[in-house]
Amino acid sequence: DLYNKGLIYRGARMINWDPAAKTALSDEEVEYKEVTGKLYYIKYKIAASSDSSRGGEANATMPSSERAEFSTNSTNLIASSTGGGKEDAIIIATQRPETIMGDTAVCANPNDDRYTQLRGRKVIVPLIDKEVPVIFDEYVDKDFGTGILKITPAHDIHDFNIGLKYNLPVIDTLNEDGTISEAAQIYIGEDRFVARKKIVDELRTKGLLVKEEEYITRLGYSQRTNVVAEPKISTQWFVKMKELAGPALEAVASGKVTIHPGEKFAATYKYWLENIKDWCISRQLWWGQQIPAWYDEEGNVFVAETKEEALEQFKIQNLKFKTQNLRQDEDVLDTWFSSWLWPMEVFKGITQPGNEQINYYYPVSVLVTGQDIIFFWVARMIMAGMDYMKEKPFSDVYFTGMVRDTQGRKMSKSLGNSPDLLQLIHEYGADAVRFGIMISSPAGNDLLFDEASLEQGKHFNNKLWNALKLLKMWSLQHTKDDNEEVENKKLSPDSYRVNGNQLSVKNNSSHFAIDWFKNRLNAVRLEVESLMRQFKLSEALKTIYSLIWDDFCSWFLEWIKPEYGHPIDKGIYNAAVSFFEEVLQILHPFMPFITEEIYHLLKERNDDLIVKQFSVITPPNEEILQLGNKLKELITAIRDARNKNSIRQKDTIKLFIETEFEESYKSIQNIFCKQANAESIEFTPQPAASSITIVVGKEKLYIETTIEVDVTAQKEKLLKDLDYLKGFLNTIDRKLSNDRFVQNAKAEVIEMERKKKADAESKIRAIEQSISSLN
């Protein structure tokens with residue numbers, strides 16, 4: 001079809017050649033690496049001229065004094081011989097001396113005064129003593145090397161283009177396997193790099209090598225075999241890409257197809273399509289789909305689906321040859337030439353157009369793939385989809401990063417740096433391996449594989465199992481309210497709805513814990529939904545991890561834990577189970593095996609997480625979330641103060657609080673008292689005598705203790721906190737006094753900075769008052 005549209009053609013062009021696999025490569029199959037190479041400065045003797053007219057050209061018969069002046073003006077890039085009958089020579093720098101036998105010209109910039117006198121002259125190619133012309137073209141960079149180039153059309157794309165422009169012959173000095181060909185005349189059959197060394201030695205022996213110079217260069221390597229790829233003139237099959245690239249470029253530019261992460265790959269995709277070259281699709285391999293082209297004995301080509309169709313074409317053209325036995329092209333198609341049809345032909349959209357499956361599934365929603373095949377596959381699938389279906393093949397493309405070892409090397413069998421995945425799964429568990437890879441793989445960024453992340457996943461698995469064990473233990477104890485039934489029409493203020501279930505909670509100390517986690521869960525679900533929509537999978541997993549490890553296990557379960565020897569309230573237990581079910585459901589896409597297992601161990605059920613629908617998300621109550629954060633800060637501060645003052649956690653304390661917001665403690669006081677292990681909490685406007693002072697935000701807490709208080713240590717800590725806050729306040733003040741920031745920042749950003757300033761000033765006042773009370 002593409003051939004009949006005029007989009008596929010066969011011709012001799014410069015392509016990338018793999019000497020090890022002996023096959024053509026597409027441009028995308030060549031990986032460029034920075035390597036340290038060498039520039040070899042070689043003398044090319046200037047041939048004697050048969051032109052007797054001076055005409056501004058350097059003449060080999062000019063007097064020696066004029067030849068000396070010629071050399072000086074050329075700044076030593078033309079080697080002068082003022083005696084001995086030797087010819088003058090120019091110096092050319094090359095990194096590939098093994099190709100000099102294929103030189104068909106040398107070229108300088110027409111504006112380079114150093115070489116203007118060489119117009120109409122010829123030079124002699126070293127070692128094979130072949131005369132080639134001196135030509136001039138603005139392509140030559142006057143400042144690179146010696147400012148004059150050897151032109152080898154068979155072995156460099158730029159040289160090839162210059163050769164076409166000036167009608168130069170093409171001499172291929174390399175065989176398909178990278179050895180020197182007969183056309184080179186010397187070192188025939190030698191490997192290209194072995195020949196390079198021998199040619200350099202011969203040039204040095206004959207006094208034609210002026211110097212060698214190291215420099216950094218980019219060298220192309222075959223992805224298939226990792227050998228240095230060779231530019232080579234070869235007859236191959238090509239696809240014209242400009243016409244196909246236009247719609248594919250527009251699809252991404254218009255937002256029909258969204259690339260994630262776009263900031264990293266969208267510009268790369270656009271640049272490639274805007275500068276695309278024709279695609280070489282024929283390969284000289286033994287495997288693959290054989291090209292559907294047949295040749296008669298005169299070399300005429302017939303492209304068809306079958307040999308019978310090709311014969312029909314042959315007969316229609318009424319070609320009268322000895323035989324009608326056509327020969328099929330021996331080359332096969334590039335693998336990607338088949339793969340770009342995947343979104344369509346997987347539903348038989350090309351071979352059975354308009355069938356039920358293609359109409360239902362095309363376009364698919366998301367393509368998840370590696371960044372290394374953005375051009376091989378992704379761009380080409382979009383091209384094929386836009387051409388054959390007149391519609392994008394997918395809406396979103398998510399690029400994963402490459403998994404590399406700790407040295408930054410790509411995982412490969414040849415390097416032996418790939419871990420045994422089955423062994424890792426056996427050692428850590430499948431979910432732990434999934435967790436370890438995903439949590440350390442931000443969208444599009446490469447992952448430096450480290451088993452420590454798998455170890456983290458293993459610990460996370462243990463955390464989930466321990467949470468299950470705790471809940472199962474509580475389930476055996478909550479007989480207290482087993483016979484209690486709550487009528488839906490007579491709900492008390494102590495009733496809650498969690499995950500669609502109506503619950504009754506009698507223990508007031510746990511009201512806030514349930515309220516807080518319900519809102520925290522909704523906040524996380526909203527955040528995860530937003531992150532997933534942006535394809536920020538790693539960030540989403542980190543958020544879920546923090547919710548489960550910190551909020552659910554470390555805080556919520558501790559806050560609702562019944563007193564030793566007492567059963568848990570049935571309503572509280574049911575709320576905890578419902579919350580656990582929800583966090584398992586959120587985690588399930590990342591860690592499907594353990595979540596499904598625990599979900600069914602919690603209680604008997606007939607549904608599965610893998611198909612369970614999410615409940616509707618309720619917008620969280622920010623006041624409750626802030627109060628929860630305050631409670632965590634207060635508990636953490638008390639525990640830190642205990643550690644620093646050698647007060648054991650099991651020893652009860654008396655706690656005094658100086659605050660302007662006494663009312664806010666009403667709902668959290670019982671939890672705070674239990675978690676702080678305080679026998680009582682009192683609110684006071686004055687500092688308590690002989691106490692340990694703690695400042696938490698705008699609050700001041702005093703721990704009454706019988707032990708002797710280290711006032712100096714307390715004061716030092718408060719002064720340290722004061723210095724930090726004053727520095728923070730100075731930073732905020734500088735930002736708010738910056739006219740450019742105030743004029744350009746969004747109103748909500750400025751308001752946030754002002755709130756930070758007010759909070760810092762309030763904390764500074766509280767700390768200064770505390771320091772004053774210690775004096």
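Visitor: How much space lies in the second largest pocket?
Guide: In this predicted model, about 1,300 Å³ of space lies in the second largest pocket.

Visitor: And which residues are closest to its centre?
Guide: The lining of the second largest pocket is made of 36 residues, and of these the closest to the centre are Glu633, Val696, Gly697, Lys698 and Lys763.

Visitor: Which elements give two or more residues to that lining?
Guide: Those elements are helix H18 (622–644), strand E27 (691–696), helix H20 (711–736) and helix H22 (747–774), and the largest share of the lining of this pocket, 12 residues, comes from H18.

Visitor: How does the lining of that pocket split by class?
Guide: The lining of the second largest pocket has 14 nonpolar residues, together with nine polar and 13 charged ones.

Visitor: Changing topic to cavities, how many are there of 30 Å³ or more?
Guide: The count comes to two cavities of 30 Å³ or more, and the largest cavity holds about 50 Å³ of space.

Visitor: What lines the largest cavity?
Guide: Its lining consists of Trp17, Pro19, His155, Asp172, Leu174, Asn175, Gly178, Glu230, Pro231 and Lys232, which divide by class into four nonpolar, three polar and three charged residues.

Visitor: Where does E11 sit in its sheet?
Guide: E11 belongs to an open sheet of four strands, in the order E2-E1-E11-E13 and with antiparallel pairing. The edge strands of that sheet are E2 (23–25) and E13 (279–280), each of which pairs on one side only.

Visitor: Over how many bridges do E1 and E11 pair?
Guide: Strand E1 (residues 8–18) pairs with E11 in the antiparallel sense over 10 bridges, and as one example of a bridge partner, tyrosine 9 has phenylalanine 238 in E11.

Visitor: One more residue, then: which helix holds asparagine 522?
Guide: Asparagine 522 lies in helix H14, which covers residues 511–533.

Visitor: Is asparagine 522 buried or exposed, and why?
Guide: Asparagine 522 counts as buried because its relative accessibility is 11%, and the cut-off for that class is under 20%.

Visitor: What does asparagine 522 touch, leaving out residues up to four places away in sequence?
Guide: With those sequence neighbours not counted, asparagine 522 touches Ile617 and Thr618.

How values were computed. Residues numbered from 1 in each chain as written. Predicted model: local features only at pLDDT ≥ 70, side-chain atom pairs only at ≥ 80, totals over all residues. Heavy atoms only, no water. 1 Å grid on protein atoms, 1.4 Å probe; cavity = no way out; pocket = protein on both sides within 12 Å on 5 of 7 lines; lining within 4 Å. Points joined across faces, edges and corners; volume = space filled by probe spheres on them. Nonpolar A, V, L, I, M, F, W, Y, C, P; charged D, E, K, R; others polar. Pairing = 2+ DSSP bridges. Buried < 20%, exposed > 50% of the residue type's maximum accessible area, 1.4 Å probe, protein only. Contact = heavy atoms within 4.5 Å.
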